[in-house]
Amino acid sequence: MEKKATSNETQLLTSKKDVSGCNEEEDCRENELLIRNPKSGDKEEAAPISNGYSGVQSSGPCNGMGGVEDAQCTAPAGQQQLMELEDRETWSKKIDFLLSVIGYAVDLGNVWRFPYICYQNGGGAFLIPYTIMAIFGGIPLFYMELALGQYHRNGCISIWRKICPIFKGIGFAICIIDLYVASYYNTIMAWAFYYLVSSFTTELPWTSCTNAWNTGNCTNYFSKDNVSWTLYSISPAEEFYTRQVLQVHRSNGLDDLGGISWQLTLCLLLIFTIVYFSIWKGVKTSGKVVWVTATFPYIILFILLVRGATLPGAWRGVLYYLKPDWQKLLATEVWVDAAAQIFFSLGPGFGVLLAYASYNKFHNNCYQDALVTSTVNCMTSFVSGFVIFTVLGYMAEMRNEDVSEVAKDTGPSLLFITYAEAIANMPASTFFAIIFFLMLLTLGLDSTFAGLEGVITGVLDEFPHVWSKRRELFVLGLIIICFLGSLATLTFGGAYVVKLFEEYATGPAVLTVVFLEAVAVAWFYGITQFCNDVKEMLGFAPGWYWRVCWVAISPIFLLFVTCSFLSNPPELRLFDYNYPYWTTVLGYCIGTSSVICIPIYMVYRLIVTPGTLKERILKSITPETATEIPIGDIRMNAV
């Protein structure tokens, strides 16, 4: 059925003949469309993009002229290419976007990973490499992704048509990585939910050694009796975590995971239900949910910080946290840890920043947004260290041990064993346990919303004719896939699977993805073109500092971290289980399964593109579709 033109729709398709009349490096205006001649010798036609939806480029004009008949264009291969001509959804308010990005960047890792990395790598001295890596690596990459998403208004897959088509495999790799993350990250939230439900009692279940899951080694040194802590002693909090929540004693390792925990399965099912009804309608609904999930953690962090500061021995923890060890700055691994921490904390490379920014208004100040949200994220990590280490100092005081002995737990164990145990022995322990695990849930939900939105936006923008009207159905299918993919992490040995995925399946893969993304934008799309795009949006071009970071420093930063990781892979150990060598190989295989999309698509692209090898390469690195930019009340397209 023929669609009539409205103020929000662009129905004119500019043919190759139209573009050929433009002089090199000049703009042509025809039928209210702005066409930029991107490169000398570029013979690709510029097809309009309607409000962020990608049109599929054909090698010749449709119907022999620049019009669109029945809103469709028949490609030479005979396939019907459908142009979606609807307004792209935008954030209801600017604050919705900011809270969503902050909620995504500030996650569980800010609470457990940064404090541990900080004291392990020189305390206060670690803040120097951390700040340097943030200024020259993390924040420029963060800004770059926000600017790309806002200008081109596309998800992680279809955006590459407008940047450098041969790198489109990056988008598919990002979607696979996001699915891997969803398969284990939400299981950690299921653990937190289990703790939350268990907290609604007058006496928290991990405070005593008289429960059915406790062993003879259980030692409650907080009891009024004189109890001595030995090498074989296990706290009731640790036994609750390992034997009641995870039940790892019923598994022999990755080669024998055991059965599925029905309790954790129910917890995860409820979490995915919450996630579905928060994101099924798009950013209009998720933008409202983050008003709670993004702000609530800060209220709880403040309450826990005040409570921790009033505990006996808190000063010992703070001193241990911040006491500088300047000799550590000479160690390469400290700089590697600083780079990895800032990168994974800000979170470029997961398609989330591209997706969220694509729903912004064209002239939104994403430069200011990048600085504000990245600063909030880094400050949250720093303050979380005080929340954790005041409590660790209290634990050391109660055990009459050094803080270093108490702070041996890393990762989730720092929260579910050490911090949970400290809370259980505070006055009003039930209250503090409830708000603490609620905080963990809200921190995790924000990141889950974001990760899945990266996949949803990427797929819907790539296949608008299939899914644009069926978002709710697609989101439901995606949630079901993520739930089924999480079943291995819900087994009695699921904690071993979570550790494997966390260390190997996503880390090196996402580093590789962002490295290639930075190279594609700065060296293939062109740093001058990218800065011109930013100037069109913001009214000013990025300065030399940003240009140097995007062209050289940030890619070197990523290459440095990636090579350091691959040259010295971590030796995995969880509880008393040492990961065998074959699990390392398995982890790398899982990580490679996402990155392999990039070279596969490059080969596929070169095969299907007509012409000589040189012509194929040139066509594959030349933007093939237009980017719509608003000028006043008129929407215009530019390549």
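Reader: In which helix is the place of I128?

Author: I128 sits in helix α4, which covers residues 127-152; helices are DSSP runs of H or I with at least four residues, strands are runs of E with at least two, and both are numbered from the N terminus. This is a predicted model, in which local features need pLDDT of at least 70 and side-chain atom pairs count only at pLDDT 80 or more, while totals for chains, interfaces and linings use all residues. Residues are numbered from 1 along each chain as its sequence is written, and side-chain values use heavy atoms, with hydrogens and water left out.

I128 counts as partly exposed because its relative accessibility is 36%; under 20% is buried, over 50% is exposed, and partly exposed lies in between (1.4 Å probe, protein chains only). I128 belongs to a nonpolar surface patch with I132, I135, F136 and W326. Together these residues have about 440 Å² of accessible area, computed by the Shrake-Rupley method with a 1.4 Å probe, only the protein chains shown counting as cover for residues. Patch members have over 30% relative accessible area and no salt bridge, with nonpolar side chains (Val, Leu, Ile, Met, Phe, Trp, Tyr) joined within 5 Å and like charges within 9 Å. A salt bridge is a side-chain nitrogen of Lys or Arg within 4 Å of a carboxyl oxygen of Asp or Glu.

Beyond α4, the chain continues into the loop between α4 and α5, where R153 is found. R153 is not a glycine, yet has a positive phi of about 55°. With a relative accessible area of 8%, R153 is buried. Q247 is another residue other than glycine with a positive phi, near 55°. The loop that holds Q247 runs between α6 (236-245) and α7 (262-279). Q247 is buried because its relative accessibility is 9%.

Helix α5 spans residues 169-198 and contains A190. A190 has 0% relative accessibility and therefore counts as buried. Leaving out residues up to four places away in sequence, A190 touches L264, C267, L268 and I271, where contact means heavy atoms within 4.5 Å. A190 and T265 are 75 residues apart along the chain, but their C-alpha atoms are separated by 8.0 Å.

S486 lies in the loop between α18 (471-485) and α19, and counts as buried because its relative accessibility is 0%.

Helix α19 itself covers residues 494-505, and ten of its twelve residues are buried. Among them are the nonpolar residues V497, V498, L500 and F501, but also K499. The buried residues of α19 pack against α5, α20 (507-538) and α22 (581-595), as well as the strands β5 (573-574) and β6 (577-578).

The largest nonpolar core holds 180 residues; a core is a set of buried Ala, Val, Leu, Ile, Met, Phe, Trp, Tyr and Cys residues joined through side-chain atoms within 4.5 Å. W191, W206, F437 and F530 touch the most other members of it. W206 also has F437 as a contact.

The chain has one disulfide by the rule used, which asks for a pair of cysteine sulfur atoms within 2.5 Å. The disulfide joins C209 and C218, with sulfur atoms 2.0 Å apart. The link between C209 and C218 is left-handed, with -75° about the S-S bond. C209 is partly exposed because its relative accessibility is 27%, whereas C218, at 12%, counts as buried. As for other cysteines, C164 is buried at 0% relative accessible area, and C589 is partly exposed at 47%.

For the chain as a whole, the secondary structure comes to 24 helices and eight strands. Of the 639 residues, 59% are buried. The chain exposes about 25,800 Å², with carbon and sulfur atoms supplying 62% of that area. Among contacts between residues at least 6 apart in sequence, 80% join residues at least 24 apart.
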